[in-house]
Amino acid sequence: MGELRGTHVPVLLERCLELLAPALGRGDRTVHVDATLGLGGHAEAVLEAHPQTILIGLDRDTEALAHARVRLARFADRIHLEHAVYDELPDVLDRLGYPGVDGVLFDLGVSSLQLDAPDRGFAYAQDAPLDMRMDQTRGVTAEEVVNTYGHPELARVLRVYGEEKFAGRIASAIIRERERARITSSARLAELIRDAIPAPARRTGGHPAKRTFQALRIEVNRELAALETALPAALDALNVGGRMVVLSYHSLEDRLTKAALADRVRSTGPIDLPVELPGTGPTFRLLSRGAELPGELEVAANPRAASVRLRAAERIDPDAQQQERADRERSRRRVKAMNQPGTGSVRSVGDRRRAPGDGTGTDVEGEGT
Ligand SMILES: C[S@@+](CC[C@H](N)C(=O)[O-])C[C@H]1O[C@@H](n2cnc3c(N)ncnc32)[C@H](O)[C@@H]1O
């Protein structure tokens with residue numbers, strides 16, 4: 001097998017490394033999960049930057065795993081490469097004996113290896129059998145989907161997963177064609193789609209088959225169902241101080257990511273209480289403000305980055321946060337009391353020190369209590 005280094009530029013690599021560094025660089029034998037190993041580009045950079053870190057790399061594509069194994073061979077004593085769908089992460093961690101991890105990266109979607117392979121059927125620009133399975137050892141192919149789904153189901157897949165305005169027309173064209181002859185090739189499907197879309201609409205929004213191919217790929221690989229289960233499982237697996245970074249490439253993935261993080265960064269306690277009840281505080285803090293977009297230079301150097309959205313979060317200890325908040329409140333009250341007429345002097349700015357870990361300043365505790 002030829003080594004594929006250089007054919008795939010890892011997306012937002014520097015930003016991913018920067019976000020993961022505080023979690024992976026904080027001790028010996030930290031554990032990082034690359035849930036979408038692909039060709040191992042991000043994984044290789046993590047292993048180089050953190051010489052003590054153990055990598056658990058998952059991919060459902062055996063061909064991607066084989067390439068990554070070659071690329072990462074020099075780190076063989078601290079990597080576990082697993083053929084698994086990422087929603088199987090809890091089982092993988094159990095089997096390998098890692099109760100918690102420090103970093104998780106999801107770089108969603110297909111790899112350049114899959115897109116460029118002449119025989120996998122992911123690309124509308126190349127003629128190939130309609131397969132589109134990331135894991136070619138199991139599951140239904142795109143050929144089965146386009147030749148067996150009824151009109152309503154086919155139209156729903158194209159509308160929901162492809163956000164395709166002409167879903168109904170394309171579904172009708174597919175059904176008409178398959179009554180004549182089974183649809184077996186990506187080129188024939190791309191042609192049918194182009195003919196089903198009104199001519200003025202073909203001139204905007206990229207290749208007319210792009211959205212349908214994306215929709216079929218998501219359906220064939222059950223991508224969103226797997227992601228919806230995998231994100232909470234990965235968040236659960238993180239140790240306190242551990243960090244997760246997710247790179248999404250379309251709005252459906254990004255929406256699921258946003259929702260999974262939103263669940264963890266808000267309090268579940270009653271909103272009218274001034275203090276958090278034990279066990280109801282946020283368990284994560286966001287590291288990204290909304291979804292981060294790539295810079296112009298990144299997109300120019302790596303067109304695959306054009307549609308990326310990055311979100312990241314860190315696991316926090318809710319009890320420690322609660323304690324910090326209580327300490328800050330106590331200090332605030334003390335300073336306020338000292339400033340009342342007839343009490344001691346006002347504390348100077350020079351008396352401030354940093355609160356452990358949060359990088360902000362807080363008042364010194366201990367006097368006058
Ligand atoms: C964009 S590529 C990752 C590229 C990688 N970050 C790199 O730098 O080489 C995405 C990879 O995730 C894999 N993948 C997609 N969905 C998956 C899932 N549900 N479970 C496991 N692997 C998945 C694909 O097979 C593909 O190899």
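Q: Strands are DSSP runs of E, at least two residues, numbered from the N terminus. In which strand does Asp107 lie?
A: The model is predicted. The chain has 15 helices and nine strands. Residues 101–107 form one of these strands, and Asp107 lies in it: strand β4.

Q: Is Asp107 buried or exposed?
A: Burial takes 20 or more other C-beta atoms within 10 Å. Asp107 has 25 C-beta neighbours inside 10 Å, so Asp107 counts as buried.

Q: Which residues does Asp107 touch, leaving out those up to four places away in sequence?
A: Asp107 is among the residues that come nearest the ligand, as are Thr36 and Gly38. Beyond four places in sequence, Asp107 touches Val11, Thr36, Gly38, His42 and Leu247.

Q: Which elements give two or more residues to the shell around the ligand?
A: There are 21 residues around the ligand, with Thr36, Gly38, Gly41, Asp61 and Asp107 coming nearest. By class, the shell has nine nonpolar, eight polar and four charged residues. Two or more residues each come from α2 (41–49) and β2 (54–59).

Q: Why does Gly40 count as buried?
A: The "binding site" annotation in an unreviewed UniProt entry covers Gly40. Gly40 is found in the loop between β1 (31–34) and α2. Gly40 counts as buried because of its C-beta neighbours inside 10 Å, which number 30.

Q: How many residues are in the core that lies apart from the largest nonpolar core?
A: The largest nonpolar core has 54 residues, and Ala234 is one of those touching the most other members. Apart from it lies another core, with Val110, Phe122, Ala196 and Val220 among its residues; they number 28.

Key: Residues are numbered from 1 along each chain as its sequence is written. This is a predicted model: local features need pLDDT of at least 70, side-chain atom pairs count only at pLDDT 80 or more; totals for chains, interfaces and linings use all residues. Helices (H or I, at least four residues) and strands (E, at least two) are DSSP runs, numbered from the N terminus. A residue is near a molecule or strand if its C-beta atom, placed from the backbone, lies within 6 Å of it. Ala, Val, Leu, Ile, Met, Phe, Trp, Tyr, Cys and Pro count as nonpolar, Asp, Glu, Lys and Arg as charged, and the others, Gly among them, as polar. A nonpolar core is a set of buried Ala, Val, Leu, Ile, Met, Phe, Trp, Tyr and Cys residues joined through C-beta atoms within 7 Å. A residue is buried if 20 or more other C-beta atoms lie within 10 Å of its own, exposed if 12 or fewer, and partly exposed in between; C-beta atoms are placed from the backbone. UniProt positions are given in the numbering used here, feature names are shortened, and annotations may be inferred rather than shown by experiment. Two residues are in contact if their C-beta atoms, placed from the backbone, lie within 7 Å.
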